[in-house]
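I opened the notebook to look up the ligand site, the sheet and the backbone, in that order. The entries below record what I found.

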Amino acid sequence: TGFPSLVKNGLSKLGVPKEFFQFFSQWLGDYPRIPEAKGSISAVRNEAFFIPLYELFLTYGGIFRLTFGPKSFLIVSDPSIAKHILKDNSKAYSKGILAEILDFVMGKGLIPADGEIWRVRRRAIVPALHQKYVAAMIGLFGQATDRLCKKLDAAASDGEDVEMESLFSRLTLDIIGKAVFNYDFDSLTVDTGIVEAVYTVLREAEDRSVAPIPVWEIPIWKDISPKLKKVNTALKLINDTLDDLIALCKRMVDEEELQFHEEYMNEKDPSILHFLLASGDEVSSKQLRDDLMTMLIAGHETSAAVLTWTFYLLSKEPSVMAKLQDEVDSVLGDRFPTIEDLKKLRYTTRVINESLRLYPQPPVLIRRSIDEDVLGGYPIKRGEDIFISVWNLHRCPNHWEEADKFNPERWPLDGPNPNETNQNYSYLPFGGGPRKCVGDMFATFENVVAVAMLVRRFDFQMALGAPPVKMTTGATIHTTEGLNMTVTRRTRPPVVPNLEMATLEVDSSVNSS
Ligand code: HEM
């Protein structure tokens, strides 16, 4: 209304073309302009970048523009805008910068892929993570966590503090290697070249995601940098290993008599790779390797980070830990968890839900507009780089009561498991819409099993004299100097609930006869 729209109506009546008219409209201030955050980026370089973004969110609101020299980003912290981008109009967005940064390691794997390649691969991969597969993985989670328990047991005996972040990273690497391509990294026990190669590549991906200048694209530097040489050697080792594993698996598939069907699973090798080859995936394709590498990385660092921050949070909130241990004692005793137990470990699940709220992994989702759109009432052009700050959504002071408090009780135990849909995009630990995480069930079970088995056996305290735990970021949130903890064996005598149940059953059969 007012002067600008008078001019607009006048111009359109004169038959002025749309583009011209849009230009004038903007110039005349008819369209609201996205708030622009002004500030120096020097602050960003010293701390995890999502922290200054939170401060800016409190000042500028649910969508604002942040400019660094020639680059600019739209920062989204509003649930309805996030829902619009991720779900309602997801076709108008691509992975943008993320795909560029990750190309060297993931190629056209499922996380960076867009358009038709993504559609085809999503349809191939999602069925591999069927219910029977996820259920079969529970045993694997238990065995791997048991290996970690043995390690902690030794540390407890020796009275040595442990750095939990690196142990969690090894735990989840062992799990994901087996789960995705039936390979035992055994990284909790030994340090092999392949384990080091995986870490070299991961660190490079993280360095690239926070680097101000893409030095890896400079032609001469590319060839002489010792760091890049090391990365390329590591990549070659991983790719060769993957090729060997694919060949090995293909031989198994050719020899077996199993018919491929919806819940197909080879009991000896339930891996995702086995499913994909049995379903007819092409063995020699770079696409298959890209997808395996993508799942290796996606499923490894994320879960390791979730466990790290969960134990950090638990160490700060002894009442939550006590309640958690009570539940685990009564449901699980000292057994390995089964799928039935997982349904009963409700408080443990809420602890993971709440840890993912306070420390979302990754803390921001990256998109680029490939079409014009309107976000929060503001028209935006194609080619805009967008960060959806999950960190801001999850800590918004207007939405969450005591937003910074670790309070698993905020979700009732008899209510639904919180997710992006039932929380209206105020909570999106696994993203949302068509690009939502394919491993959400897998990861939740993995984390619940690990937390349950660990707190059942041990108490965890921050180590005396340990450096304060600060955050730094690559793709996920890391600690700056590790999570140093003192681990002690719990003195409580183990209750074995199954045995009690068994006794009860015997009793009742005695009575009825
Ligand atoms: C995508 C989180 C574990 C495989 C995503 C996304 C999030 C996420 C937020 C959406 C990214 C976006 O929209 O840009 C997590 C967390 C995990 C976890 C917090 C652990 C706690 C896993 C595991 C796997 C996996 C175990 C594999 C078995 C993937 C894949 C995608 C994805 C392939 C891309 C899906 C697509 O674009 O179609 N994950 N993830 N994730 N995740 Fe996970």
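The entries start with conventions and then go through the ligand, the sheet and the backbone.

**Conventions.** I am working with a predicted model, in which local features need pLDDT of at least 70 and side-chain atom pairs count only at pLDDT 80 or more, while totals for chains, interfaces and linings use all residues. Residues are numbered from 1 along each chain as its sequence is written, and side-chain values use heavy atoms, with hydrogens and water left out.

**Iron.** I looked up what the protein gives to the iron atom of the ligand, and the only protein donor is C437, through SG at 2.3 Å. Donors here are N, O and S atoms within 2.8 Å of the metal (3.2 Å for Na, K and Ca), and since water is not among the atoms, sites may look incomplete. I placed C437 in the loop between helix 18 (390–395) and helix 19 (440–457); helices are DSSP runs of H or I with at least four residues and strands are runs of E with at least two, numbered from the N terminus.

**Shell.** Taking a residue as near if one of its heavy atoms lies within 4 Å, I found 26 residues around the ligand, the closest being W118, R122, R367, R435 and C437. Helix 14 (286–316) supplies the largest share of this shell, five residues, and helix 7 (115–125), strand 6 and helix 19 each supply at least two. By class, the shell holds 14 nonpolar, seven polar and five charged residues, where Ala, Val, Leu, Ile, Met, Phe, Trp, Tyr, Cys and Pro count as nonpolar, Asp, Glu, Lys and Arg as charged, and the others, Gly among them, as polar.

**Arginines.** I then checked distances to oxygen atoms of the ligand: a polar side-chain atom of R122 lies 2.7 Å from one, a polar side-chain atom of R367 lies 2.8 Å from one, and an N or O atom in the side chain of R435 is also 2.8 Å from one.

I traced an open sheet of six strands in the order 1-2-3-9-6-4, with mixed pairing, where two strands pair if DSSP finds at least two bridges between them. Its edge strands are strand 1 (36–37) and strand 4 (93–94), each pairing on one side only. Strand 3 (71–76) and strand 9 (385–389) run parallel and are joined by four bridges, and L74 stands opposite I386 in strand 9.

**Backbone.** Most residues other than glycine have a negative phi, and most peptide bonds are trans. I noted that the peptide bond from Q361 to P362 is cis, with omega near -5 degrees, and that N182 has a positive phi near 55 degrees.

Definitions and conventions:
A polar contact is a pair of N or O atoms within 3.5 Å; within protein, one must be able to donate a hydrogen and the other to accept it, and residues adjacent in sequence count only if both atoms are side-chain atoms.
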